[in-house]
Amino acid sequence: MPRPPSPSIPEKEFVYGALKQSLRLDGRAMLEMRTPTLSFGPELGWVECALGKTRVLAQIDGKMVKPPPERPLEGLITIHSELSSMASNEFEPGRASDQEVTITRMLDKVLRRSDAVDKESLCVLAGQRVWHIRLTIHVLSDAGNMLDCACLAGIVALKHFRRPEVEVVGDEITIHHPSERAPVPLALHHTPFCLTFAFFPDATTPPLLDPSHLEETLSAGLLSVALNAQRELCVVQKAGGVPLAPADVLALIMDVAVQRARELDRLVEAALQADWAGRHVEVR
């Protein structure tokens, strides 16, 4: 499949000149992000997140499996991301791109390795049965900053999902249908959010938050920060690009990322409460 042409020289010069004056093509401020839009499906754990024209679908399903012998008291969490040619003609079907691998690894760090979900709460019978939670990310449209959109969709899906109630009597396990007993939410330790900053070759150009597709293409480096509303830093990732001074990174985290994480936390809680208000499901 032919790849789309790179931005032309006049287009590059125009964008670089505008960014040097702290002007963006979509009218946003340099450290302003697009307002996320969350929509929930009929099933619990089905969430679609939109950042502008970037759209990501997150879906969660759970099943009971036997735990590995080295961790008999912990449940399993796996994350799978899918970038098809539907999202952009830059992605080839059946072949994982570098961007897909990067997103999957970052989601694994942010959502699984940061212990956002209490894995011990997923244990049903020690050494015999645990819950296996599978998070699948489908990128529907790529208009820039897929990572932040996918991370937000993933954590909201984990908060929205409910697993069936389980009763254990001796070695006998009974899984109750949601119509018999209310499903149980996952136990979450915290709610991490991912924020991506773009940097450019000219040192006089200020960094920007939530880059568009064109801004990502023209950037000289991306810095992704994952943290929660309680100011706990989970992940800092910078894969190559222009070098950054530690003071610059700390300034972005302390002055910008913390405030944006609190705003996202309030937005997510309001969206979840609005969705539950319209559902006839008892929450335990």
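Let's start with strand E11 (residues 193–199) and strand E13 (residues 221–227), which pair in the antiparallel sense over seven bridges. Two strands count as paired if DSSP finds at least two bridges between them. Helices (H or I, at least four residues) and strands (E, at least two) are DSSP runs, numbered from the N terminus. Keep in mind that this is a predicted model, where local features need pLDDT of at least 70, side-chain atom pairs count only at pLDDT 80 or more, and totals for chains, interfaces and linings use all residues. Residues are numbered from 1 along each chain as its sequence is written, and side-chain values use heavy atoms, with hydrogens and water left out.

- E11 and E13 belong to an open sheet of four strands, ordered E12-E11-E13-E14, with antiparallel pairing.
- Strand E12 (208–209) and strand E14 (233–237) are the edges, and each pairs on one side only.
- Helix H5 (residues 246–277) lies across E11, E12, E13 and E14, and runs at about 140° to E11. Angles here run from 0 to 180 degrees between N-to-C directions, with axes fitted to C-alpha atoms, for helices over the stretch in contact.

- Strand E2 (residues 46–51) pairs with E3 in the antiparallel sense, over six bridges.
- Within that pair, Trp46 has Gln59 in E3 as its bridge partner.
- E2 and E3 make a hairpin with two residues between them, and Gly52 in the turn has a positive phi of about 65°.
- E3 is also joined to strand E6 (residues 129–141) by eleven bridges, again running antiparallel; here Arg55 is partnered by Ser141 in E6.
- Further along, four bridges join strand E8 (residues 166–169) to strand E9 (residues 172–175), and the two run antiparallel.
- Val169 stands opposite Glu172 in E9.
- E8 and E9 form a hairpin too, with two residues between them, and its turn residue Gly170 has a positive phi of about 65°.

**A loop residue and its contacts**

- Glu74 sits in the loop between strand E3 (54–65) and strand E4 (76–83).
- Glu74 and Ser121 are 47 residues apart in sequence, but 7.4 Å apart in space, C-alpha to C-alpha.
- Leaving out residues up to four places away in sequence, Glu74 touches Pro67, Lys119, Glu120 and Val130; contact means heavy atoms within 4.5 Å.

**Salt bridges**

- The structure holds twelve salt bridges, each a side-chain nitrogen of Lys or Arg within 4 Å of a carboxyl oxygen of Asp or Glu.
- One of them joins the side chains of Asp202 and Lys20, at 2.7 Å from N to O.
- Asp202 is in the loop between E11 and E12 while Lys20 is in helix H1 (residues 9–20), so this pair ties together parts that are 182 residues apart in sequence.

**The cavity**

- There is one cavity of 30 Å³ or more, a cavity being a set of points on a 1 Å grid over the protein atoms alone where a 1.4 Å probe fits but cannot get out.
- The largest cavity holds about 30 Å³ of space, counted as the space filled by probe spheres set on the points.
- Its lining is made up of Met33, Leu51, Asp148, Cys149, Leu152, Cys194 and Leu264, where lining residues have an atom within 4 Å of a point.
- Helix H3 (residues 146–160) gives the most to that lining, with three residues.
- The lining divides into six nonpolar residues, no polar and one charged. Ala, Val, Leu, Ile, Met, Phe, Trp, Tyr, Cys and Pro count as nonpolar, Asp, Glu, Lys and Arg as charged, and the others, Gly among them, as polar.

Definitions and conventions. 1 Å grid on protein atoms, 1.4 Å probe; cavity = no way out; pocket = protein on both sides within 12 Å on 5 of 7 lines; lining within 4 Å.
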